[in-house]
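Have your viewer ready and your selection tool at hand. We will go from stop to stop, and at each one I will tell you what to pick and what you will find there.

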Amino acid sequence: MKQTPLSVLEHIFGYDKFRGQQEAIVEAVTGGDDALVIMPTGGGKSLCYQIPALLRPGVAIVVSPLIALMQDQVEALRALGVRAGYLNSTLSSRELYDNEQALQSGDFDVIYIAPERLVQARTINLLRHSQISLFAIDEAHCVAQWGHDFRADYLRLEVLHNEFPAVPRIALTATADTRTRQEIIDRLALHNARQFISGFDRPNIQYRIQPKDRARQQLIKFLKQEHDGDAGIVYCLSRDKVEKTAMWLREEGFDALPYHAGLPAEIRAKHQRRFLREDSVVMVATIAFGMGIDKPDVRFVAHLDMPKSIEAYYQETGRAGRDGAPATALLLYGFEDVVKLRQMTSNSEGSEAFRRAEQDRLNAMLALCELATCRRQILLRYFDDDLPEPCGNCDTCITPPLTWDATEAAQKALSCVYRTGQRFGVQHVVDVLRGEKTERVKSMEHHQLSTFGIGAGVSQTEWKALFRQLAALGYLDVDREFGSLLLTESCRALLRGEVNVELRKDAKITTKRGKRQAIEVDHEDLPLWHALRQCRRRLSEEYGVPPYVIFHDASLKHMLEVRPQSTQQLMQVSGVGDAKAQKYGQSFLDVLREYEYSGR
Ligand code: ADP
Ligand code: ZN
């Protein structure tokens, strides 16, 4: 039978339809065209070269910068019955030799090669004596010299075009700004490539941003109620906070591990490995963790401190839900974050212009936090992408926040900052407003001020929320060195009563669910769900591969619905192709049958 893109998708990968532009890309590359593919994380880039690799004669060469991940990628392909391998420095010389021989004699469908090895004369020579179906250049943004992930070896990949002009090349990345895109085209000589550019949206990620109010309780509630037993990442700003949070989560019964640049390399490697290989590790980490982590079943990313820009927020939250199943991004933020980040940006190296740009990025992030309308629309607009309707899957869409006219309260707050000489942080100003006779208030004689006690009827928390929002709206600035509150130019109009401010009321922590949520299993299905996961864990140990290589969460969830009783029915389940049905099918059918008989 003649193989088609769709038959490969069904039989090898076990999926019944292509996503987005996948089909057009597969057809272009299979037909011999070059392609530039820009697709968000989790969009399904790998199939765009893996299917042409199986349809075209010869071996596909995949260039990938992260040696540590090659083994996982190869294992995932082998589980599907694809003849995959890799060439990199982790192999012994014997293994390298064997793989090179197999490559030449056509025993591989796909082979992953690190860029530095690929451009060596020896490798090029080897490829000249092999039949090559295509070149796939993954993480193609690594050619961008001013980018964060620049790799000098990527610049030399132009050699592929010169040496193998007849072999199609496909470059892929999730980094989509126009400048990077142009750099990829220029440096890889992709001027004739067809361009496939998808939007930025990650519809399966639910965005939630909440003010901090006993952050640990908020986190615990979130984990216990919505993500019990799930793998996820908790980001903190400092190493110290990472350690403490991880320890505390362990005491609370979570399998939490710390990760930051200050830990010895072997500990970091061990923790990363456990996170990748198991299905319910919570990684508590600084931003040192994450680059190239393409674990598909990360079900949540929680931030206990505010990221310093929307770009950072988007990249970090983007590590959740690559498999397309529901995932949650929770950010908890407070006034302290604003102060801390303002201080960090002002102390950073670089020109005044650079610092101002950093400041602007921070302000955009703050504005996103204080938003009363759809988060996703603003997030996407920031990247020049457009979402015409509110998304329905962010906190502000699910529970529209109430707003109130805060003009008078804001006037009180700002005049109190003024009266106390713009020399104090938020705590002291709130004490004065509320008429608290603290030691400090007495020693500064601030109980004599006209603003002393004018806000006694309002709680500390509410005043702090107000100050936070005024800072986010640009009415207040924070002194770089001491964290004291400063008035800005825009205060005048507000103090004179020329403008009004509408602010959002800090909502109580909601657990109301949106239409798409973390993987939700009906109560009566829970025992079967756990049994299926248990079965997956056992097979994962037996075969020495991560659980998601056996089946994704979405496939297990689908099994709950389909309740297959035969191999043929099992093949209807998304993600179950020929090889997996044969290899793992019986184990899962046994579990399902046992439940059917016991009448549960
Ligand atoms: P990317 O490299 O773009 O981040 P991947 O190629 O890793 O994304 O794909 C993300 C996930 O989506 C993988 O788990 C993959 O199996 C799944 N996937 C890709 N294409 C499809 C499809 N057509 N139908 C169902 N699942 C898909
Ligand atoms: Zn929304």
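Start by selecting ligand 1 together with the residues of its shell: these divide into four nonpolar, seven polar and five charged. Keep in mind as you go that this is a predicted model. The shell holds 16 residues, and Tyr15, Gly42, Ser46, Arg322 and His552 come nearest to ligand 1.

Pick serine 46, where a polar side-chain atom sits 2.5 Å from one of the ligand's oxygen atoms. At histidine 552, a polar side-chain atom is 3.3 Å from an oxygen atom of ligand 1. Glycine 44 uses its backbone instead: an N or O atom there lies 3.1 Å from a ligand oxygen. If you then show surfaces, ligand 1 taken alone exposes 560 Å², of which the protein buries 84%.

Now move to the zinc ion, ligand 2. Which protein atoms are its donors? Select the SG atoms of Cys374, Cys391, Cys394 and Cys397, which lie 2.3 to 2.4 Å from the zinc ion. Along the sequence these donor residues follow the spacing C-x16-C-x2-C-x2-C. Why is the arrangement tetrahedral? The angles subtended by the four donor atoms run from 103 to 119 degrees, and that makes it so. For reference, the ideal angle for four tetrahedral donors is 109.5 degrees.

Stay here and select cysteine 374 and cysteine 394; both are buried. Cysteine 374 is in the loop between helix 16 (352-369) and helix 17 (375-382), while cysteine 394 is in the loop between helix 17 and helix 18 (395-398), so this pair ties together parts 20 residues apart in sequence.

For the next stop, select threonine 173 in strand 6, residues 169-173. Is threonine 173 buried or exposed? Its relative accessible area is 1%, so threonine 173 counts as buried, the cut-off being under 20%.

Finish with two backbone checks. Glutamate 139, in the loop between strand 5 (132-137) and helix 8 (152-155), has a positive phi of about 50 degrees although it is not a glycine. Glutamate 139 is partly exposed, at 29% relative accessible area. Then jump to glutamate 445, in the loop between helix 21 (439-443) and helix 22 (460-472). Glutamate 445 is not a glycine either, yet has a positive phi of about 60 degrees.

Conventions
Residues are numbered from 1 along each chain as its sequence is written. Chains are lettered from A and ligands numbered from 1 in the order in which they are written. This is a predicted model: local features need pLDDT of at least 70, side-chain atom pairs count only at pLDDT 80 or more; totals for chains, interfaces and linings use all residues. Side-chain values use heavy atoms; hydrogens and water are left out. A residue is near a molecule or strand if one of its heavy atoms lies within 4 Å of it. A polar contact is a pair of N or O atoms within 3.5 Å; within protein, one must be able to donate a hydrogen and the other to accept it, and residues adjacent in sequence count only if both atoms are side-chain atoms. Accessible areas come from the Shrake-Rupley method with a 1.4 Å probe; for residues, only the protein chains shown count as cover. Ala, Val, Leu, Ile, Met, Phe, Trp, Tyr, Cys and Pro count as nonpolar, Asp, Glu, Lys and Arg as charged, and the others, Gly among them, as polar. Donors are N, O and S atoms within 2.8 Å of the metal (3.2 Å for Na, K and Ca); water is not among the atoms, so sites may look incomplete. Four donors count as tetrahedral if all angles lie between 85 and 135 degrees; four count as square planar and six as octahedral if opposite donors are over 155 degrees apart and all others between 65 and 115; anything else is irregular. Helices (H or I, at least four residues) and strands (E, at least two) are DSSP runs, numbered from the N terminus. Buried means under 20% relative accessible area, exposed over 50%, partly exposed in between (1.4 Å probe, protein chains only).
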